[in-house]
Amino acid sequence: MTDVVETETRVSPPRPDGLRGFASDWASDQRTFKNVSWGKAMMWIFLLSDTFVFGCFLLAYMSARMSTTVPWPNPSEVFALNIGGTEVPLILIAIMTFVLISSSGTMAMAVNFGYRRDRRKTALLMLLTALFGATFVGMQAFEWTKLISEGVRPWGNPWGAPQFGSTFFMITGFHGTHVTIGVIFLIIIARKVWRGDFDTEKRGFFTSRKGHYEIVEITGLYWHFVDLVWVFIFAFFYLW
Amino acid sequence: MVNIPSSINDPIPAAEVEDVELYHPHSWWTTYVFSQDAKVIAIQYSLTAISIGLVALVLSWLMRLQLAFPGVFTFIDADRYYQFITMHGMIMVIYLLTALFLGGFGNYLIPLMLGARDMVFPYANMLSYWIYLLAVLVLVAGFFVPGGPTGAGWTLYPPQAVLSGTPGGQDWGIILMLSSLILFIIGFTMGGLNYVVTVLQGRARGMTLMRMPLTIWGIFTATVMALLAFPALFVASVMMLFDRVLGTSFFMPAIVEMGTQLQHGGGSPILFQHLFWFFGHPEVYIVALPAFGIVSDLISVHARKNIFGYRMMVWAIVIIGALSFVVWAHHMYVSGMNPNFGFFFATTTLIIAVPTAIKVYNWVLTLWRGDIHLTIPMLFALGFIVTFVNGGLTGLFLGNVVVDVPLSDTMFVVAHFHMVMGVAPIMVIFGAIYHWYPKITGRMLNETMGRIHFWVTFLGAYLIFFPMHYLGLLGAPRRYYELGESVVNPPSAHDLNIFITMMALTVGAAQVLFLFNAAWSLRHGKDAGGNPWRATTLEWQTPTTPPPHGNFGKELPVVYRWAYDYSVPGAPEDFIPQNEPDPENRSREHAS
């Protein structure tokens, strides 16, 4: 075909600044998003798709809550805990939210140490993140148990609209599943980091491909997303 | 555009990503069964989709037999009839068309046309197929469980879908259907992420977005739409599954069945319709856009002319994709939603006609004074254009609220969407198979059998669906098991029904000829060579045919031009491949 084939990699040719540069980047050859790896692009697009899933769940819940003809149970009372004789509204949810948001902080630190090739700190911070996640799921299990013991079922509850129980179990259950999957992945990847699989270029068991430290960041993207979704669930379900 | 090689003198840009490391299969199992090669996965997807499509074809025969000869085939009772309708619709729309266009053609053509070694995540790509296969098996299991598959109609509207009066409503049918859909969406997401990321981030040097063949633009836009539309179906399926299994009331209002007050109450059936059609309308274009793209390439290749208005074609695809997300409630004019919505959704619906008309004009202008070769792919492409225009025109009727209301739930609707979403994309699928079969197998399909197949299919489809418009205008309702003699079904209309059924059986038989042709040509077809159609795109420039593992041998191709350099004045041949550096830079790329 041609006598000069350059083989140098990972170098983008210079491009114009501003809007023109933006447009020529997007339309240019090889990659639309320069300096975005395949894995990260995939995770971002997956999260966009997942946003639509959660968006549909929340919209369905909102339409049920707005159109109900029987009273909707008051979340401040339903999700109150009796501590020392006083009813503290939403205290458990507040703690859960705090734990999950803290886990995003430890995750961000893990990503940072991952790129510095600090295997020990990365793995420990990831495990700490997983621990926070597991704590969150544990508290959610406690909350479910409490509500079930008070008579809340997917098909009805003692206080009003049956959709309260069905949307609650469905949305928090679906979110909790996301957190659980995240915890499992965090543990698997923390183990790989700890063993140094990404330094020795050990191949994956299923995919027989080499991993990179970037997977820490990709897992982080997922984790932050799950965290962000929780903020919306918190706002729309508990604070409304 | 900067730094893109157009002639032999331009510098070749550096590869921005290292060449991928391929997974090399070691055994027969990992080469042909659990393969991670997109080409093998594409063939697996296609064969599975076509197999399940044959089931849907047989179901349509049985429905037509019942409509033409009510009471003669005693094994078709009302329940069976509704089960046939439901399974025929669901299989055709999702398990055949979506899977074949995106899983089949997407997998085969994206890496090859873009000059990539494979999809970016071959392992997830393989999982995608196996989950799709599982979804198909769960769907088929419906035929073998007590109560049979669901008979709720392909739209699965609640509350009837989960009530005991509907076949499968209180048995296994609806549970299996919803589970199968959930599995399909999970499997599709794995594949879909692959297709999107490969198009965005995995192209060859010189392959800019505006040099991609329109086939890729169509598949890419459709996949993005699918990733955003399937979530609504996923959510609707999960919620209805809970309504059925857990006794929740997402979609179930307070309801009395057989004199008994059910436990449900307070749910909204309209909510399901909104969720379903937020998926359902984009789904029409998820099927149509790959067809648009493929047909553009077929016309350009077989008319030996560059596609007319390439940029407008790309933008039309993107705009149709975006608009299709804001038209969904035109399926719900008679649902009881707020009537003011009708005004908004009718307006957006009719606006879609603008980019669609641009595409049709551009196809016709591509043919204008072209060197038209009436090969079989070209015949099917031409068949697509007329069929699509026909179906699109009746869409203008149905898009208007006042015209739609009397036509709702009549045979007119059936005729409309079978023309636009059934026959038209299937024409493209056949055209595409005749076009790319030589690349996939190395042999040409038999020409004579192909021509018979085309004419019977094309004329037969018109003889089936044109009379159906007339039946619809008479007022013949769809989804009725038996019409009897009535105002809407006079003896003349009944004779027409018998005629339609005869034609349906004939067209079905022609597909058997096609399958025989595909099997026979595998051994006895004429040797195709590497590039039998003398086409420019990269999949025809592979070192061997069928393309080897890794697609392009040692060096990946460098792209110097767009995909449509046909009949360029002064060029030695009437086509210039995309990866050929032309010393005199005669490309028509910038003239368009």
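From the N terminus on, the elements of chain A run α-α-α-β-β-α-α-α-α-α, which amounts to 8 helices and 2 strands; helices (H or I, at least four residues) and strands (E, at least two) are DSSP runs numbered from the N terminus. This is a predicted model, in which local features need pLDDT of at least 70, side-chain atom pairs count only at pLDDT 80 or more, and totals for chains, interfaces and linings use all residues. Residues are numbered from 1 along each chain as its sequence is written, while chains are lettered from A and ligands numbered from 1 in the order in which they are written.

**Confidence**
- The model has an ipTM of 0.94 and a pTM of 0.95.
- For chain B the average pLDDT (the predictor's confidence in each residue, from 0 to 100) is 93, and 99% of the residues score at least 70.

**Chain A overall**
- Chain A is more spread out than a compact globule, because its radius of gyration of 23 Å is well over the 18 Å that the globule rule gives for 240 residues. The radius is taken over C-alpha atoms, and the rule is 2.2 Å times the number of residues to the power 0.38.
- The C-alpha trace of chain A spans about 80 × 40 × 35 Å along its principal axes.

**Contact between chains A and B**
- Chain A contributes 49 residues and chain B 53 residues to the contact, where two residues are in contact if their C-beta atoms, placed from the backbone, lie within 7 Å.
- On the side of chain A that touches chain B, two or more residues come from each of α1 (18–27), α2 (38–67) and α6 (163–195) of chain A.
- α2(A) gives the most to that side, with 14 residues.
- By class, that side of chain A has 27 nonpolar, 16 polar and 6 charged residues. Ala, Val, Leu, Ile, Met, Phe, Trp, Tyr, Cys and Pro count as nonpolar, Asp, Glu, Lys and Arg as charged, and the others, Gly among them, as polar.

**Domains of chain B**
- Chain B is divided into domain 1 (35–212), domain 2 (265–373), domain 3 (375–528) and domain 4 (530–592), with bounds from an automatic or database domain assignment.
- The centres of domain 1 and domain 2 of chain B, taken over C-alpha atoms, are separated by 21 Å.
- Domain 1 of chain B gives 11 residues to their contact and domain 2 of chain B gives 10 residues.
- The domain 1 side has 9 nonpolar, 2 polar and no charged residues.
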